[in-house]
Amino acid sequence: MRVLISGAAGFLGSHLCDKLVQQGHQVIGMDNFITGSIDNLAHIAGHEQFTFIKHDVANFIFVPGQVDYVLHFASPASPNPNSPYGYPNLPIQTMKAGALGTHNTLGVARAYNAKFLLASTSEIYGDPLEHPQKETYWGHCDPIGIRSVYDEAKRFAEALTMAYHRFHGLDTHIVRIFNTFGPRMRLDDGRAVPNFIQQALRGEELTIYGDGQQSRSFCYVDDLIDGIYRLMMSDEHDPVNIGNPSELTIIQLAEKINQIVGNNAPIKLKAASRLGDDPQRRRPDITRAKEILGWQPKISLEEGLKATIPYFKTKLGMA
């Protein structure tokens, strides 16, 4: 297939480019580098099956030649209010990526009668009142909070995708991505895994915002990309959760990273993030992914961390 991927220079987008090239597809990467990095694509920049277009998906998209599949992954994704790359500091761009970007990428898919896959998120569940979260859960979100620019952009994107499916008969797919980690995450991403790894490598205290009892489940990027590829090739149109259902507290995650790195500095608790509505529990119900896609994660948290830490060592000049 000839595949267009928006957000191709991002953490997940670049790994998806790798997967599709490896599977023999022609890949057209698209990114405007607001949060993505050209370094994430450097290793395939000269590949005969890969081309790149610098473009903002909030603007009209023209791609010459047939397109068989469109994957919309363009969006700021980090909730870090202290990073220029976090969506709290890119609120308008985030809303545009979810609204105009989804509209424009769906337009490309419709023009070429191509298949379409939307990268949605577990954030559409908000601070959930259901645990674990099934795809049938409608969510518990603040529509005007600081997180809303990301949450509501993705919720709108899902609604628009289903509208194109129902009204135009477009072959669409929606993946709801839960916490994922691995090489190519930004050092200043602001989320737990990159923060803790860097602090541990420097021998510093690991900083946790809040009491550390909030829980998450972390999926290694290779597992996630495998699940997305299976969904791409399926006939499923309703949203599907992809993530690792193995749940642990943030304190347990910090302790695990300290143990692997060999950092003896303690864990330090700080006041909760100013985002305010930080979800207290997050864990996917992956029953549908197992039944429909035959997918479940294979890589443990410890294995994934051991594969990720060398990347951060290199980025920090410690390799």
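Tutor: A salt bridge is a side-chain nitrogen of Lys or Arg within 4 Å of a carboxyl oxygen of Asp or Glu. The structure discussed here is a predicted model.

Student: Is R147 buried or exposed?

Tutor: Buried means under 20% relative accessible area. E123, the partner of R147 in the salt bridge, has a value of 14% and therefore counts as buried. R147 has a relative accessible area of 5%, so R147 is buried.

Student: In which helix do E152 and R155 lie?

Tutor: E152 and R155 form a salt bridge whose closest N and O atoms are 3.7 Å apart. E152 is partly exposed at 22% relative accessibility, and R155 is partly exposed at 28%. The two residues are three positions apart, about one turn of the helix, and both belong to α4.

Student: How many residues apart in sequence are the parts tied together by K256 and E302?

Tutor: The side chains of K256 and E302 meet in a salt bridge at 3.3 Å, N to O. K256 lies in helix α7 (residues 250-261) and E302 in helix α9 (residues 301-315), so the parts this pair ties together are 46 residues apart.

Student: Why are α3 and α4 described as roughly parallel to each other?

Tutor: Helix α3 (residues 100-112) and helix α4 (residues 148-168) have axes 10 Å apart. T102, H103, L106 and R110 in α3 meet A157, L160, T161, Y164 and H168 in α4. The residues of this contact comprise four nonpolar, four polar and one charged. Angles under 35 degrees count as roughly parallel, and α3 and α4 therefore qualify with a packing angle of about 25°.

Student: At roughly what angle do the axes of α2 and α3 cross?

Tutor: M95, K96, A97 and G98 in α2 meet L100, G101 and T102 in α3. The axes of these two helices come within 3 Å. Their arrangement is roughly parallel, with a crossing angle of roughly 30°.

Student: What is the relative accessible area of G7?

Tutor: G7 is placed in the loop between β1 (2-6) and α1 (11-22). Leaving aside neighbours within four places in sequence, G7 contacts G13, M30, D31, F73 and A74. G7 is buried, with a relative accessible area of 10%.

Technical notes
Residues are numbered from 1 along each chain as its sequence is written. This is a predicted model: local features need pLDDT of at least 70, side-chain atom pairs count only at pLDDT 80 or more; totals for chains, interfaces and linings use all residues. Side-chain values use heavy atoms; hydrogens and water are left out. Axes are lines fitted to C-alpha atoms, for helices over the stretch in contact, and angles run from 0 to 180 degrees between N-to-C directions. Helices (H or I, at least four residues) and strands (E, at least two) are DSSP runs, numbered from the N terminus. Angles under 35 degrees count as roughly parallel, over 145 as roughly antiparallel, 65 to 115 as roughly perpendicular and the rest as oblique. Contact means heavy atoms within 4.5 Å. Ala, Val, Leu, Ile, Met, Phe, Trp, Tyr, Cys and Pro count as nonpolar, Asp, Glu, Lys and Arg as charged, and the others, Gly among them, as polar. Buried means under 20% relative accessible area, exposed over 50%, partly exposed in between (1.4 Å probe, protein chains only).
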